[in-house]
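Hi,

Here is the structure I promised to hand over. Have a look at it first, and my notes follow below.

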Amino acid sequence: MRPVSANSSSGDLFKHAVLAVGSIFILLPFAVMIATSFKSPADIASGALRLFPTEYHGFANYAEALSATPLLRYMANGVIVTASIFALQLLVALPCAYALAKLKWRGRDTVFGLILFCLLIPPHAVAIPVYVLFYWLGILDSYTSLILPWTISVFGIFLMRQFFKTVPDDLIDAARMDGISEFGIVWRVMLPTALPAVTAFGIFSIIAHWNDYFWPLIVLSSEDYYTPPLGVATFRTAEVGYVFGPLMAAATIIIAPLVLTFLLAQRRFIEGITFTGMK
Amino acid sequence: MAEVQIRNVSKRFGTTTVLENASLTISKGEFVSLIGPSGCGKSTLLRIISGLEVQDTGQIVIGDRTVDDLRPSARNLAMVFQSYALYPHLNVASNIAMPLRMQRLNGFQRLPVIGRFLPGSATANDGIARQVRDAAEMLDISHLLERKPGQLSGGQRQRVAVGRALVRDPAAFLLDEPLSNLDAKLRVHMRTEIAQLHRRLKATFIYVTHDQVEAMTMSDRIAVMMDGDIIQVGTPDEVYDQPVDIRVAEFIGSPKINVVPVDIEAARGMAVLAGAASGVVTDPSAVSLGIRPEAITVSSSSGLAAGIVEHAENLGSEEYVQVRLDALPEIVITARAGHGTGWTRRIGSAAHVSFDGNRALAFDSAGRRVACRAYAPRHVGGKAVANG
């Protein structure tokens, strides 16, 4: 027994060491960002590698971040846009995924193949045609222009379809016997059953669109609709020049909701996984 | 509850025919099992009755109404599934209440929170809650009403599934192999419970199973299905003692019926088994005899055919002895011997088998049953005839 346990503990040590190095690599920029947000301009300009500020300047940086630009407004825009995108994506993806996974119809596999094909089209490739289309529709520079292109998430349809495939047919038949309509089955049976997958998809979707810089930059011209990444960008070019302290404070503020969402979703995710009752 | 009629139902999936012109009438309050090997179409037939599958031709009539155009929920049938199919996110009470909520509340009344305050929903909800409690009490699951299906054992989930079927007071209960996910002991217990439930409710039950013991023990009548055909419908005794077809004879009964090839002696119509007159007179078209293990006597001293004891199983109450015949080495005969006969200690020794001619069944080359009877009442027993 002894050599085995010694082996496995040294193996564990190795695994943890690798993970620790990896996590340092990933977390270090964040640590630097947060540390910088508390430092004074002199501290930052000194160029020394220090985690803790010599002089606490946090309040001033955060106050500056919140007052120099309407950061809260940008964040509210971000919430409106990402929440609408995710809600509409679910509204489209769940019925589609249900039809693709559980209903029998002619051409289903072809349609699914086309959907998979759409996964290959990068959004940047169609950005210009969509821009022109929105120009003709006259909806540039609006919430609609930020939300509409993302409402159909091919990835979401694919992910939900794969999950729905694992839901037993008997459950759907039982729902039909009980008198639940097909749409009712999607929302009242499949959605609660697929909560872990919905959560996973939500994490992807919210992070992608909260952090999206490319599309808002193209369609927006008025600052009223700016999303957080654009807001931070305006910060850098504001008349004060490069002020890293407030800039990092702003970056910390706009990342905070993502971190919070993720932590909350993570708990839900684990709950979701223990959510079995079929087998 | 109501009568259920299946009229000339056919169903094809692509090029495979799953059901071919199946007809069956299940009377009001009757317990009928659809039994057959997997792929025989029994589950498809049940799904067609329920409306989950649509037949290509033929009709389903429930009571006096043709229901072919009705959605599953509108047929007022309840179904219990093999995997129980409980809603994993709802607790037991909500699972049982679901069909009633769908029947009695409209879309707005079913909304969470607000729905409760809409006119009429309070009375309806009270009625539903009462019925759920009654059903739970009947099935002895009252203490589980707040739990989620994931927190229940297989037997408890089974009861919840039955409860969900029970509350809607259906025209008929459809059960699709409801016991096959349970362990052996629980299966025997639930068998009794379902049979008792049927007696108490006096409702029409249609029960699909591949387990002939379940079908034999619970049913008023059994419909044996093979390759998309209902080949025999009858009481358990009829199906067991008077099978119309060799496939029925082989499927029903455990251990399986013994089938031995025979030649027919032209003069008397006597079936000749391995060179010895069997004592059974059959129709000239017969090619084989089927004899149940309990109609066979195995003896160490004398009998119709000699062989070697190849294996013996002691079940406590009885023993099953397998004898490989000397004259037909490809045939192993299974015989039932009494309690404490000790054949397990005599594996490898010589034995003789004989059988009760009155209980033999004869089959022709197509597997259909043909007439047969024990020969001449003056010569009782196979051995006397064989010697004479």
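**Notes on the two chains**

Asp141(A) sits in the loop between helix H6 (127–137) and helix H7 (143–147) of chain A; helices here are DSSP runs of H or I with at least four residues, strands are runs of E with at least two, and both are numbered from the N terminus. Although Asp141(A) is not a glycine, its phi is positive, about 60°.

Before going further, some housekeeping: this is a predicted model, in which local features need pLDDT of at least 70 and side-chain atom pairs count only at pLDDT 80 or more, while totals for chains, interfaces and linings use all residues. Residues are numbered from 1 along each chain as its sequence is written, chains are lettered from A and ligands numbered from 1 in the order in which they are written, and side-chain values use heavy atoms, with hydrogens and water left out.

Chain A has 14 helices and 0 strands. Of its 279 residues, 41% are buried (under 20% relative accessible area with a 1.4 Å probe, protein chains only; exposed is over 50%, partly exposed in between). Among contacts in chain A with a separation of 6 or more, 73% join residues 24 or more positions apart (a contact means heavy atoms within 4.5 Å).

Now to the place where the chains meet. Chain A brings 20 residues to the contact and chain B brings 26 residues. Between them they bury about 2,000 Å², with 58% of it on carbon and sulfur atoms; buried area is the accessible area (1.4 Å probe) that two parts lose on being put together, summed over both. On the chain A side, Met177(A), Asp178(A) and Arg188(A) lose the most area to chain B, together 35% of what that side buries.

The interface has 3 salt bridges (a side-chain nitrogen of Lys or Arg within 4 Å of a carboxyl oxygen of Asp or Glu). One of them pairs Asp173(A) with Arg47(B), with the closest N and O atoms 2.6 Å apart. Helix H9 (169–178) and helix H10 (182–193) are the elements that give two or more residues to the chain A side, and H9(A) gives the most, with 8 residues.

Helix H4 (residues 154–167) of chain B has 14 residues and spans 20 Å from its first C-alpha to its last, close to the 20 Å expected at 1.5 Å a residue (1.5 Å times one less than the number of residues). Since 12 of those 14 residues are buried, H4(B) is largely enclosed by the rest of the structure. Its buried residues pack against H9 of chain A, and in chain B against elements including helix H2 (92–104) and strand E7 (172–176).

Lastly, some backbone details. Most residues other than glycine have a negative phi, and most peptide bonds are trans. Asp140(B), in the loop between H3 and H4 of chain B, has a positive phi of about 65° and is exposed, with a relative accessible area of 54%. The peptide bond from Ser254(B) to Pro255(B) is cis, with omega near -5°.

Best wishes
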